[in-house]
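Subject: Structure handover

Hello,

Here is the structure I said I would pass on. My notes on what was found in it follow below.

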Amino acid sequence: MVPIATLHYLVVAAALFVLGVIGVLTRRNVVIILMSIELILNAVNLNLVAFSRMWGNLHGQVFAIFIVVDAAAEAAVGLGILIAFFRNKETINVDEIDLLKW
Amino acid sequence: MFLNHIYLIPLFPAFGAAMMLFFGRRLQKATVNAVCVGAVVVAFLFACFAVVEYTHFAHGTGQPFEKIVYTWLGSGDGHLNFLKKDGTAAAFNADFGFLLDPLSAIWLLFVTGVGMLIHIYSTGYMAHEGGYYRFFGYLNLFMFAMLTLILANNYILMFVGWEGVGLCSYLLIGFYFHRKSASDAANKAFITNRIGDAGFLLGAFTLVWYLGSFRFTDINALARSGHYLVGDPILTAAALLLFLGACGKSAQIPLYVWLPDAMEGPTPVSALIHAATMVTAGVYMVARSNAIFVLAPTAMKTVAIIGALTAIFAASIGLVQNDIKRVLAYSTVSQLGYMFLALGVGAFAAGVFHVFTHAFFKALLFLGSGSVIHAMSGEQDMKFMGDLRSRIPITYKTMFIGMLAIAGIPGFAGFFSKDEILWQAYTKEGSAYHFLWLIGFATALMTAFYMGRLIFLTFFGKPRMSHEAEHHIHESPKSMTIPLVILAICSVLAGWLGLPHSLGGSNRFEKFLEPVFAKEAPMMRAEEPAQLAAGKKEEEHTDPMEYGLMILSVGAAVVGLGLAYRSYARAGKDYSEPIAVASPPLYRVLYNKWFVDEGYDYIFTGRRKLGDVRLGVMGAGEASSWFDAKIIDGAVNDAGWITRAIATLSSWWDKWVIDGVCVNGPAILARMMSYPARLFEWGLVQWYALVMVTGLVGFAVYYVWK
């Protein structure tokens, strides 16, 4: 067996990141988009923790905590926007947010 | 006393005319008679006394009596100054001035005398006509104008009279204005006269520009001073222009056409105006201007030639006319031609003498014809007369005397004056004058023939009138016959005043007029006394040729009368004209007056078209209107079309180029360029996310590749 190096962690994080981006770009459901954004953030967290293990200090982990806090706040705000949006439009299909379309 | 107040003579008839103008409607016939006829009688008596006083005044020197009553135009302070041809300043002066010299004395006497007789005659002739007071008012106005013309001392006052007689001629010819033929004739007279008047005015102004004065005394003095050469071109031009005026007034070729038509007026009008007085105004004017004419031999030749041509031309037309007055009208034109022939060959006194005698016998003939027409209940056509001599004896006898006078039978007035003219024409230096004599001689033959024809058709032969007309024939009242008798006596006696030396007389008439006329043009000073002496001697001898010509003229008259007697004295209902039998086309031409009126209609007035084209005045009008409608309006229309085309072009340019390209273009460009820009603000959330990711990837790639 190959020992699990930092690279493996980064690849997993990248994969998660890409999945998250794809989800943001592709999904119609606003809730799923928010979830994808969480996924992106979490992938970044994983990336930071991996680098923290690599360098042997706690900088990465501290920054990851910051990102978790930020993710939580963002989720709260995002859900607030989602609810306001739903109250106006009676749908959660992001394709229908097109009032700025010409 | 009478001479000093000579200006009153025209004012008597003027007063009569004014009375008629203001009060005529309400007056009785007797009052009209008293005022108007009385005015002329007073004028005549006054004139007689004035002339007698003048003879005392002048003592045979012929010095003119001039009296200026009022300065009309021009003044002493020179504000009407003008520049003469030679650059010196001259004052423009035309005053109410009256001139009495032998020439105007003669005219004065016969105008007032014959005028008086005709006024008396008119009281009888117009007794049954309407507009009695109007007639006499116009007649008096005419006398006023004619007397002003005669007594004027300058061209401008003469022109006032000149125009006045033209106006009265118009008013009197068109007296029966409700008849179209009469009013047309009046128009024709006035317009033809006007053409002559233009010549008169231009001539007068040429003279004043060249010589500096309008007054006859001044002009005579300047012309006879020797300062101007014979044949001076400006004086010739002035003389020809003045003669044009005379042609209009005295009915010479080419302006004679109004006189025959003027017979539309009442017969006394024809007698007074168109026989005795107005038509002689032209002769008077030329005689007055003799000093100028003598300096212009070309003008004199023109006068003589036109006079002779007119004489024979009018006589030829008179041969075949049927209207009694028309024959007399053409006879007047013909005799006026004689007068101008005389003036043209330098025989001024002979011309004036003929005017004098002609006034009497022509007035007599016209008044006699009026008496005939009166007797025939208005019939004027000689075809329907005949055998009147026993029925209207006084008229017949007086008219017969008049006919003898005009034909030139010795003993009667016309013989002496006509013969004098023919003799002077024959003896003038230059062979061409023999030809003029021949024309005059032929005319005398024709005159005798047509006058004989007139008398024989009217008074001899078998009666050709309808039965009712025949019953109505009556001699005219005394008011008409007495003037006829008086004029007949004058027709005999007047001639003896000018009895020539050849027949034992002293030719008092010519002597009386001698101071007025310059016999020859002023020669070089040195030659003058000798020349005059030689000339005087010549006068006293009598050339046997004169007797020969006299016999020839009498022979012509007798032959003419004889031919007329043969053809007409026994004319029945179906008499034939010898000329028509001999040559029908000639008869047609003569009867239609040589188609001159028609010719004038084609050429000058434009009343008849030559094919499709109209010439003359009306043709010019048509041409102008064509020009205006087609060319000027066409130009206007084309300008409008061009404006419209330009406007259309402009609007196209504005719509497609300016609006399309310049205004809409940038807009379209902006819109096209906005398409990609819009993509940045789609409004789709996930698109924004995609853009962000793309940027991120770009950065990442950039750094990796770095």
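Two residues are in contact here if their C-beta atoms, placed from the backbone, lie within 7 Å. By that rule, and leaving aside neighbours within four places in sequence, Leu341(B) is in contact with Ala304(B), Gly307(B), Ala308(B), Ala311(B), Ile421(B), Ala425(B), Leu436(B) and Gly440(B).

Before going further, some housekeeping. This is a predicted model: local features need pLDDT of at least 70, side-chain atom pairs count only at pLDDT 80 or more, and totals for chains, interfaces and linings use all residues. Residues are numbered from 1 along each chain as its sequence is written, while chains are lettered from A and ligands numbered from 1 in the order in which they are written.

Cores

A residue is called buried if 20 or more other C-beta atoms lie within 10 Å of its own, exposed if 12 or fewer, and partly exposed in between. A nonpolar core is a set of buried Ala, Val, Leu, Ile, Met, Phe, Trp, Tyr and Cys residues joined through C-beta atoms within 7 Å. The largest such core has 221 residues, of which Phe142(B), Ile292(B), Leu341(B) and Ala363(B) touch the most other members. Helix α15 of chain B (residues 348-375) gives the largest share of this core, 17 residues. Another core, of five residues, lies apart from it and includes Val21(A), Val24(A), Val30(A) and Ile33(A).

Helices and strands in chain B

Helices (H or I, at least four residues) and strands (E, at least two) are DSSP runs, numbered from the N terminus. Helix α13 of chain B covers residues 297-318, and at 1.5 Å a residue its 22 residues should span 32 Å; the end C-alpha atoms are 31 Å apart, which agrees. The expected span is 1.5 Å times one less than the number of residues. Of the 22 residues in α13(B), 16 are buried, so the helix is largely enclosed by the rest of the structure.

Strand β4 of chain B (residues 94-100) has six of its seven residues buried, so β4(B) is also largely enclosed by the rest of the structure. Strand β1 (residues 65-73) of chain B runs antiparallel to β4(B), and seven bridges join them; two strands pair if DSSP finds at least two bridges between them. Leu73(B) has Ala94(B) as its bridge partner in β4(B).

Backbone points to check by eye

- The peptide bond from Ile253(B) to Pro254(B) is cis, with omega near 0°. Pro254(B) sits in the loop between α8 (233-249) and α9 (258-261) of chain B.
- Asp387(B) is not a glycine, yet has a positive phi of about 55°. Asp387(B) lies in the loop between α15 and α16 (393-407) of chain B, and counts as partly exposed with 18 C-beta neighbours inside 10 Å.
- Lys593(B), also not a glycine, has a positive phi near 55°. Lys593(B) is in the loop between α25 (584-591) and α26 (596-605) of chain B, and is buried, with 21 other C-beta atoms within 10 Å.

Chain A has three helices and zero strands. Its C-alpha trace spans about 50 × 25 × 25 Å along the principal axes. Buried residues make up 14% of the 102 residues in chain A. The contact between the chains takes 11 residues from chain A and 10 residues from chain B.

Regards
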